Amino acid sequence: MILTRTVNSRRWALAAGAATTAAVLLSGCSGGGTTSSGSGSSDSINYALPANFTPNWILPVGTAAHLNTNNSSISQSLWEPLIAYDGSTGKVGWNKDNSLATAADFAEDGKSVKITLGDRHWSDGEQITSRDVQFWFNLVKANKEDWASYSPGKAPDNWTALKIVDDTHFTITFDKAYNTQWMLANELSMIRPMPQHVWDKTSDAGKVSDLDLTPEGAKKVWTYLNTAAKKISGYATDPLWKTVSGPYTIKSFSTAGKVQLLANAKYDGGGKANIKTVNLLPFTTTDAEENALRAGTVDYGYINATNLSQEASFTAKGYTLKPWAGWAITYMPYNFNNPAMGPVFKQLYARQAIQMSVDQATLSKVIFNGTAVSTYGPVPQGQTSSFVSEAQKNNPYPFSTAKARKLLTDHGWTEQNGTMVCTDAGSGDDQCGAGVDKGTKFKMQVLSQSGSTVTDNLMSALQSSFAKSGIGFGIKTAPVNSVLSQAGQCKAGDSGCKWQLSFFGSAGSWYFPAYPSGDSLFATGGGSNFGSYSNPDVDKLVEKTTTDSSDAAMQKYSEALAKDLPVIWLPEPDYQVSVVRSGLGGFAQDSLANFHPAMWKWTKK
Amino acid sequence: MSAVIQPGRVPGKATAPVTASGTRLAVRRFRRNRLAVVGLGVVAFFFLFCFVGPLVYSTDQTHTLLDQVNLAPSGSHWLGTDAVGHDVLGRLMYGGKVSLIVGLAAGVLATVIGTLWGAVAGYAGGWIDAVMMRVVDAGIAIPALFILLVVSAITTPDLTGLIVILGFVSWLVPSRLIRAETLSLKNRDYVLTLRAIGGTHGRAIIRHILPNSVSTIIVAATFQIADAILLVAYVSYLGLGVQPPSTDWGGMLSAGLTAAYSGYWWLIIPPGLAIILVVWAFNAIGDGLRDAFDVRGRG
């Protein structure tokens, strides 16, 4: 290797070395793992994970840092949800085959629900009972602040009690009447029964008991389970993870990201695995993954949107291209508490100037090669929906860098060396606004996910566009897990509050449950309100979407956020342009961006 | 004292001290090596191309032009445009600056660190030498690319950071070479005489060991520069190099590969060729310098 050779090496060897290096680079040396043609067996399948994503969590409860649909998909293959409300059948709805519950009967007053469990068993033979649901419920109740899906006022706050009727029946009561479809799709679908008879302890050697029945005990159990879950190398060997309810168990789980799932022979649900071994392969870049596809080592992968024109070359290799549209929005959250730029971001005119500098139509057409849809608000616009307001559809802030510049100069900013500088501090209508000091430069920094050429191009295009408005836009990149862990909620004085903007949406930033209400994203204190956006009027509208079943509630919410700009709205790309080996079927691509390996089936290979 | 102990006047067995006549001989021998001369020409060309070229062929490498993406080479864009509308020829100059600056600076830094480390280890000998060289052995055992990937995962280096990181992972080989040279030089008469009349160890290293190792240092430096340019290409190819809108040849190659199967050859061949040519050129220069300084071949 070049680094260890000595001065005495021969000159032509060096030139050959350089050429070989280039050849290795061209072949995509950074990829995933297998060298054979596909999985090589009808009993197995090779699935490509998104570029630069490394699976790092399987516990059904976790913190925001582990929030990722791919982690969730793996976890749900091991521990089935109580109610699987997803798009795995081609239409978003309750997939009872992959659920532990068989019925959910709401009370007439809408203030409680009685749930019936199926006759199901854990992989160790024990029956799955209401007590396992209660175990999850108690842990989440006692540790709600650490739970990734927590949003104040919503689950578990609005679940006042869980009462066990018998082993297969229990009732959950609410603090008030709710839209039953919203409750089912957005809240009850989060419940993940866990094996209380194995996990209700505080150490590996500890005795299992009813610790979760007290908040103190539940906190200790939560800490124990979360600590154990951080040890990725133990996923395949730790006895803790051997008791599952889903169609698969873990065969191997490498810290480098390669995961092997093995069909659970004891599974007794309706979503039995069709393929015995599932290999989930990590890739550092989309290019590396594409090279693996071309080499035939991946059965179910994806390509860059920019390479759609190469469909024929993949078809010739026995693949079919299937765009995978998501029920999602893509955005870049502002950190409103960032000490340097937070005060600027808090000014609506500044956010308007930023949004006016984003030419979504051109970005969708050129950067995403027509595989993205302009989205101007909080409701997905890629699919027809009665939830989208007219204001959001019509884009309240059309692209115009000239208007963006004027907006800034009208508010006390002056361009100096290509960047706007606040020269008239104060809170008057024609001044920079409260908290913005004189001399503040309008320079933003984004931490963007790496590994995607399309995302790199998107960032370059945004940088260029912002520059025309006098707005500086620095770009730093990091793997998506790193971006997610760095872009958390923070207070101005925190050391972790240095981030200003973050982008983790190469394949869409946020995939909604069936109801695209923004309680977690945009409500004050919402669990995934990364930038700490807060607007009391919006809070009321968000609240109404959860209790009022009319479309008008969603439309008012859509309009308010399209105008108030809690984030930078960006085009929503297809989740991915899938490349699927011919003969692989039995599934629909879930618009909620989960994958369901148990549904995959070889019809020929 | 230095007038008495002039390295050039002390007869040596294997390595001739650098003197005016020695330099002329070295230049003559270097000029006889055609590949080395071509290599020097290639390096000179790329320096002119990257640093003077933008003055002649001016392009906008800051703003994207989304209505001019992936255009084939033409009169207005000699090497076409990339996926965001940048002129590729201009970008080759722009990216080349980064590659050459980082490569040169990191190569020099690695050589300086390696030279000092190797000289001290070789001169001190005994357990100090043993400890210092085991550190080198351990460092060599860890692939540089692995270290770079780990560092890049932890932090996002800027240009200076990249130079420092590359410099600190590349100094191990030169340190071994300089140590070997020092082991030979420290027992020469002029060094022993200096010590006998009370000269310090530091003076022996700085005034005699290092000047007499200069040929080895220069040769090592050229190879280090070539290696550093390749390393920059490696990390940029993996998306961990300089941040947009900056780029370097490795980054350009990485971005261009997305279009490899779309027939956009102008996004791949120019940066790939530039990397190969410059790395080869520095290695050819290194080989030429090694032959030029090698006393055994002098005639």
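**Close-up views of the predicted model**

**Figure 1. Helices H4 and H5 of chain B cross at roughly 145°.** In this predicted model, the axes of H4 (residues 88–124) and H5 (residues 126–141) of chain B come within 7 Å. The crossing of H4(B) and H5(B) is left-handed. H4(B) contributes Trp117(B), Val120(B), Ala121(B), Gly122(B) and Ala124(B) to the contact. From H5(B) come Gly126(B), Ile128(B), Asp129(B), Met132(B) and Met133(B). By class, the residues of this contact divide into 7 nonpolar, 2 polar and 1 charged.

**Figure 2. Chain A has 17 helices and 25 strands.** The C-alpha trace of chain A spans about 75 × 70 × 45 Å along its principal axes. The radius of gyration of chain A is 25 Å, which agrees with the value near 25 Å for a compact globule of 605 residues. Of the 605 residues in chain A, 56% are buried. When contacts in chain A between residues at least 6 apart in sequence are considered, 69% join residues at least 24 apart.

**Figure 3. Three strands of chain A form an open sheet in the order S18-S17-S19.** The pairing in this sheet is parallel. Strands S18 (472–478) and S19 (501–503) of chain A stand at the edges; each has a single partner strand, so one side of each is left without a neighbour in the sheet. On average, neighbouring strands of the sheet are turned by 25° against each other, direction ignored.

**Figure 4. Strands S17 and S18 of chain A pair in the parallel sense, over 7 bridges.** S17(A) covers residues 443–449. Met444(A) has Phe473(A) in S18(A) as its bridge partner. Helix H14 (residues 453–468) of chain A lies across S17 and S18 of chain A. H14(A) runs at about 165° to S18(A).

**Figure 5. Ser77(A) is a buried residue in helix H2 of chain A.** Helix H2(A) comprises residues 69–78. Ser77(A) has 28 C-beta neighbours inside 10 Å and therefore counts as buried, the cut-off being 20 or more. Leaving aside residues up to four places away in sequence, Ser77(A) touches Gly246(A), Pro247(A), Tyr248(A), Leu261(A), Pro597(A) and Ala598(A). The C-alpha atoms of Ser77(A) and Ile250(A) are separated by 9.6 Å, while the two residues are 173 residues apart along the chain.

Conventions: Residues are numbered from 1 along each chain as its sequence is written. Chains are lettered from A and ligands numbered from 1 in the order in which they are written. This is a predicted model: local features need pLDDT of at least 70, side-chain atom pairs count only at pLDDT 80 or more; totals for chains, interfaces and linings use all residues. Axes are lines fitted to C-alpha atoms, for helices over the stretch in contact, and angles run from 0 to 180 degrees between N-to-C directions. Helices (H or I, at least four residues) and strands (E, at least two) are DSSP runs, numbered from the N terminus. A crossing is left-handed if the near helix is turned anticlockwise from the far one by less than a right angle, and right-handed if clockwise. Two residues are in contact if their C-beta atoms, placed from the backbone, lie within 7 Å. Ala, Val, Leu, Ile, Met, Phe, Trp, Tyr, Cys and Pro count as nonpolar, Asp, Glu, Lys and Arg as charged, and the others, Gly among them, as polar. The radius of gyration is taken over C-alpha atoms; the globule rule is 2.2 Å times the number of residues to the power 0.38. A residue is buried if 20 or more other C-beta atoms lie within 10 Å of its own, exposed if 12 or fewer, and partly exposed in between; C-beta atoms are placed from the backbone. Two strands pair if DSSP finds at least two bridges between them.
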